[in-house]
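Let's take a walk through this model, one piece at a time. Have the structure open and follow along as we go.

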Amino acid sequence: MCADKCADSLRAVVDPLVHLRNYLNQVLPSEPLVLVVTTAAASYIISRAVKKIPKDGVTQGFKRNLFKLARLVPSIRKEIETKIAATEKDIEEDLLKLYTLEGKDNPEFIVQLPGQGLTNDVIISKLEDYLRLGSYRWENNHVSGTVYHGGKELTELNTKVFSLATWTNPLHPDVFPGVCKMEAEVVQMASELFHGNDRTCGTVTSGGTESIILAVKAYRDYAVNVRGISNPEILVPKTAHAAFDKAAELLNIGIKHVPICSTTMKVQLNVMKSMITKNTCMLVGSTPAFPHGCMDDIQGIAKLGLRYNIPVHVDACLGGFLLVFMPKAGFEIPPFDFSVDGVTSISADTHKYAFAPKGSSVLLFSDKKFKHQQYFVQTNWPGGIYATATLAGSRPGVVIAGCWSSLLHFGLDGYTDITRKIINTSRLIEAGLRNISGIFVFGEPQVSVIALGSKDFDIFRLADILNKKGWSLNNLQFPSSIHICVTYRHTEEGVVDQFLKDVAEAVDVIKLSPQEHVSGAVALYASSQQIPDRSLVGDIIAIYIDTLYKTTKRDNADGTSKPKRKFGMHLNGSVDLNNK
């Protein structure tokens with residue numbers, strides 16, 4: 001009886017389809033040709049539609065188009081143009097202020113070559129003037145990250161290194177084999193520190209961004225050339241460095257951002273697993289992530305990589321050259337490098353905690369099969385066979401020499417001692433901040449970055465007051481927060497006590513009117529998070545970058561030689577609006 005009912009149900013579905021087929025056969029002669037043509041047309045339409053899907057997803061693409069249409073409304077367009085014009089004027093006034101020496105009304109720009117070359121003394125004098133511009137003095141030990149100073153002796157050493165290696169270029173190994181030898185030695189020293197083996201290989205790059213772009217290129221090309229993936233995409237934590245987004249844009253591949261846990265600030269492994277598809281060519285974890293200083297679960301990500309046969313990149317650009325020395329310095333850390341089965345590449349900036357000159361970074365691979373996909377080779381150029389391991393053709397050999405000399409200058413013991421000081425300082429700052437009522441520390445920072453938030457008041461008010469006290473911190477968004485990146489400069493006596501004292505005093509002041517909102521630049525930074533059309537924020541940032549290249553003096557036609565400064569801005573890896 002049950003079988004009969006199932007058969008009846010099946011016939012009820014099939015019979016109408018058969019009748020439809022018979023009808024179409026009568027109406028449409030040449031059935032095979034029609035089916036082939038319609039199938040091909042449908043496939044073409046679907047493939048074209050897939051290619052139209054934005055690399056950052058349908059949702060973001062829909063929002064962009066929606067806001068783009070909204071800008072076509074005359075009243076909205078006029079309002080936006082008015083606001084942007086006013087913002088542009090404010091930005092220009094502020095940067096002119098930054099470019100102006102104290103006591104003067106206007107900056108002086110050199111806009112054409114002098115008729116006769118200036119003397120060395122005059123050039124050095126002008127250089128000293130330029131380096132005094134701005135209101136922050138990193139030498140006062142109040143700047144978050146930015147300057148990773150390795151001490152006076154290293155500065156003296158690298159000054160001599162620069163004078164010897166200024167004209168070298170590793171693009172020509174036959175002319176400068178010594179620089180190529182130094183690069184190879186830097187890679188091998190880094191490989192040993194990050195627990196590589198005989199197969200581990202790599203290159204020295206111009207910085208973390210280039211290391212990340214090259215890693216993404218290698219895995220994109222490996223996916224296409226070796227694994228046959230036609231539309232590769234990468235999975236990165238939401239807190240991963242923006243360089244991954246830049247790489248995806250430049251290399252025209254998809255990128256998906258995996259949410260993080262709101263308490264640990266680490267990537268959610270279960271969500272990452274659910275987002276893996278047949279097109280996934282790269283998984284990423286940060287050690288630590290720039291915003292909050294928390295380390296992703298590299299072991300968990302590596303297990304996913306092994307399970308689904310996907311390369312895993314560890315972005316250790318910020319903290320890598322602290323993490324490798326932390327165990328010897330007496331600090332426990334979770335495994336994160338090539339000691340973890342499944343990790344296939346690591347990026348680590350030598351120009352941060354290895355104290356090498358800007359800009360230098362190391363990109364390491366577990367196997368040459370990945371590194372080979374990083375290369376660019378042109379065999380048919382009339383100028384000869386052209387091949388480069390990195391993005392650049394000519395490279396400053398002096399930076400490689402400076403990196404090499406910095407590593408040799410400190411050695412294992414020197415780096416271990418410095419790491420101990422930096423991590424101890426970071427732990428002291430974290431403990432002190434946790435004892436200040438009204439603010440909280442995000443997650444469990446394990447290296448050198450401590451991020452702060454508040455449930456009681458606008459955290460950017462704290463940033464504003466600290467800026468006025470001379471502290472240059474980093475403003476963060478989504479959620480609103482600020483952080484300090486501890487460097488060797490902060491380990492000097494009295495710096496920690498002064499910082500904690502200034503934070504505590506600032507919080508006490510804010511508690512007198514906790515509902516008050518910040519004003520000036522920080523308010524602009526905070527309010528930008530509320531703008532759903534992120535392209536507007538991008539427009540303002542583009543204006544700021546354009547203004548950095550302007551050489552126009554201030555117009556004093558209104559008789560004001562020093563207009564009131566409305567807000568300040570500075571670049572520290574990303575755009576950061578600060579009231580100075």
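**Starting inside a sheet**

Find Ile234 first: its bridge partner in β4 is Met282. That pair belongs to a stretch where strand β2 (residues 233-237) and β4 run parallel, joined by three bridges. Before going further, keep in mind that what you're looking at is a predicted model.

Now zoom out to the sheet around that pair. Seven strands make up an open sheet, in the order β1-β7-β6-β5-β4-β2-β3, and the pairing is mixed. At the edges stand β1 (201-205) and β3 (254-258); each has a single partner strand, so one side of each is left without a neighbour in the sheet. From one strand to the next, the twist averages 20°. As background, strands of a sheet pair through backbone hydrogen bonds, and they can do that either parallel or antiparallel.

Step over to β4 (residues 280-286) and its partner β5: these two run parallel and are joined by four bridges. Ser286 is the residue opposite Asp315 in β5. To get from β4 to β5, the chain passes through helix α11 (residues 298-308), and this β-α-β crossover is right-handed. On from there, β5 pairs with strand β6 (residues 343-348), again in the parallel sense and over four bridges. Here His313 has Ser345 in β6 as its bridge partner.

While you're at β5, which of its residues are buried on each side? In strand β5 (residues 312-315), Val312 and Val314 are buried on one side, and His313 and Asp315 are buried on the other, so both faces are covered.

**On to another sheet**

Two bridges hold the antiparallel pairing between β10 and strand β11 (residues 449-453). For a landmark, look at Phe440, whose bridge partner in β11 is Gly453.

Next, pick out helix α17 (residues 495-511). With 17 residues, α17 reaches 24 Å from its first C-alpha to its last, close to the 24 Å expected at 1.5 Å a residue. Which residues of α17 are buried? They are Val495, Val496, Phe499, Leu500, Asp502, Val503, Ala506, Val507 and Ile510. These residues cover an arc of only 160° around the axis, which puts them on the same side of α17. Among the elements covering them are α15, α16 (459-468) and β13.

Is Asp464 buried or exposed? Its relative accessible area is 8%, so Asp464 counts as buried. Although Asp464 and Ala506 are 42 residues apart along the chain, their C-alpha atoms are separated by 9.4 Å.

Let's finish with the loops. As a rule, most residues other than glycine have a negative phi, and most peptide bonds are trans. Phe478 sits in the loop between β12 and β13, and has a positive phi of about 55° although it is not a glycine. The peptide bond from Phe478 to Pro479 is cis, with omega near 10°. Phe478 itself has 42% relative accessibility, so it counts as partly exposed.

Back towards the seven-stranded sheet, the loop between β6 and β7 holds Gly359. A cis peptide bond joins Lys358 to Gly359, with omega at about -15°. Finally, His195, in the loop between α7 (177-193) and β1, has a positive phi of about 60° although it is not a glycine.

Conventions: Residues are numbered from 1 along each chain as its sequence is written. This is a predicted model: local features need pLDDT of at least 70, side-chain atom pairs count only at pLDDT 80 or more; totals for chains, interfaces and linings use all residues. Side-chain values use heavy atoms; hydrogens and water are left out. Two strands pair if DSSP finds at least two bridges between them. The expected span of a helix is 1.5 Å times one less than its number of residues. Buried means under 20% relative accessible area, exposed over 50%, partly exposed in between (1.4 Å probe, protein chains only). The arc is that of the directions from the helix axis to the C-beta atoms. Contact means heavy atoms within 4.5 Å. A crossover is right-handed if, with the strands pointing away from the viewer, the path from the first strand over the helix to the second runs clockwise. Axes are lines fitted to C-alpha atoms, for helices over the stretch in contact, and angles run from 0 to 180 degrees between N-to-C directions.
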